[in-house]
Structure formats: C-alpha cells, structure tokens
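Here's a quick briefing to read alongside the model. Have the sequence and the 3D view open as you go.

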Amino acid sequence: MKLTKTIKQTVKTTTYLMLAFVMAFTISCSPEDGRDGLPGEQGPAGEDGNANVVSSDWFQIQFDHTNAANDYGYMAIDIPNYQEFVDNGGVAMMYVRQTLPSGDYIIRQLPYEDIFSFALANVPSEGVENSLILFANQTDVSDLETEPGLTFRYILVPGNTTSKSQVNFEKMSYEDVINQLGLDY
C-alpha cells in the first residue's frame, strides 16, 4: 500500500510540474513576440561611427603668406574645436591631386617630395592660430596658385571616433582611407 501511495504522489507531483511548465510557456510567449523563429523588426539606425569626421572638398591653394624670395608659402585653414581635436588625439591627413591634361589624375598623401607638407599649428605670434597649415616649397610658389590641375583635400578624424581605433591611416592609400571612413571620393 505504501508503494501505491508513493506512485500516486509521484504522478500527482509530475502532473503539477507538467502543468506548471505548460502555463509558463503559454504565458511567456505570445504571437506578438515573433513569428516562427524569425527575427523581430529592424530597430532604428544608430549613429554613424564616423559622424564627426570632417573632410574638405578639393580646393586650390591660396597662400596666406609667401617669403620675399617667393620660394616658400603657406595657407592656413581654420580648424573648429582645434584644442579639443589635438587634446583627444585627432588625426589630420592631407592629399594632393594632380589632374593630367587627359583628365586622369594622381592622388598622393602629404608630405609629397620636398614640395608639399602640412602641420597642425597654433602659433599666435606668427599670426597662425588653431589651423591646419599647408606648406609649399619650390622656385616660384605663386605658380602653384594658378595651376588648375593641382588641388588639395584634408580629412580630420577626431580622436574619439571608434572606427579609427585600430587603423593607421598614414599607411593606407587614399582609396582605402575614403572607404574606411565612408566618405565620398
């Protein structure tokens, strides 16, 4: 008789457990939660990881200063939030595009040969504040201002931009940088 009582108790306990599992699954899942194992609706788009990257259009050089021999000149480009950009480890890149008479072009990262270079500068005593400076050295730099096939572009990547964390832009081609940052060519 004791065995029968134990079997009845086991059946009763098993029945309650099965009923509890069925109730739990019935209450926790509803048709609105998903359809046949398919993923739910797409959530809203997140902010682009490169939202704060600044890139210029292609521009011709216009010197702010040339020396008396006219073999050196620079152009200063104002950088908004310059100190924050520098303090947070921002990356500045500059490129020169030489367009050939055929319409083809060559893009090179600066510095390029001994002719073009650039730097971030804040030297108020020299009249340069919070700027990206494009330098040029050649026999007559004024010729560079009137050369329509010679244009420049800069790209500024803030130090807090997530996509740049593991990237060395200095070793990348122009095309790779543009693709990495999702910029227009």
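Predicted model: local features only at pLDDT ≥ 70, side-chain atom pairs only at ≥ 80, totals over all residues.

Of the 185 residues in the chain, 28% are buried.

**Arg-153**
- Arg-153 is buried, but it has no salt bridge.
- The nearest side chain of opposite charge belongs to Asp-57, and that's 6.1 Å away; a salt bridge would need a side-chain nitrogen within 4 Å of a carboxyl oxygen, so Asp-57 doesn't qualify as a partner for Arg-153.
- What the Arg-153 side chain does have is a polar contact with the side chain of Ser-55, at 3.1 Å.
- There's also a backbone atom to look at: the oxygen of Asp-184 lies 3.1 Å from a polar atom of the Arg-153 side chain.

**The largest pocket**
- The largest pocket has a volume of about 290 Å³.
- It's lined by 14 residues, and the closest to its centre are Asn-52, Val-54, Pro-80, Phe-85 and Pro-158.
- Two elements give two or more residues to that lining: α2 (82-87) and β8 (150-157).
- By type, the lining of the largest pocket splits into seven nonpolar residues, five polar and two charged.

**The loop between β3 and α2**
- Asn-81 is in the loop between β3 and α2.
- Its phi is near 55 degrees, a positive value in a residue that isn't glycine.
- Asn-81 counts as exposed because its relative accessibility is 58%, and the cut-off for exposed is over 50%.

- With a relative accessible area of 56%, Glu-113 is exposed.

**Strand β3**
- Ala-76 belongs to strand β3, which covers residues 72-78.
- Ala-76 has 29% relative accessibility, so it counts as partly exposed.
- Ala-76 and Phe-63 are 13 residues apart along the chain, and their C-alpha atoms are separated by 7.9 Å.

Note on methods. Residues numbered from 1 in each chain as written. Heavy atoms only, no water. 1 Å grid on protein atoms, 1.4 Å probe; cavity = no way out; pocket = protein on both sides within 12 Å on 5 of 7 lines; lining within 4 Å. Points joined across faces, edges and corners; volume = space filled by probe spheres on them. Helix = DSSP H or I, 4+ residues; strand = E, 2+ residues; numbered from the N terminus. Nonpolar A, V, L, I, M, F, W, Y, C, P; charged D, E, K, R; others polar. Buried < 20%, exposed > 50% of the residue type's maximum accessible area, 1.4 Å probe, protein only. Lys, Arg positive; Asp, Glu negative; His and termini not counted. Polar contact = N/O pair within 3.5 Å; in protein donor to acceptor, adjacent residues only side chain to side chain.
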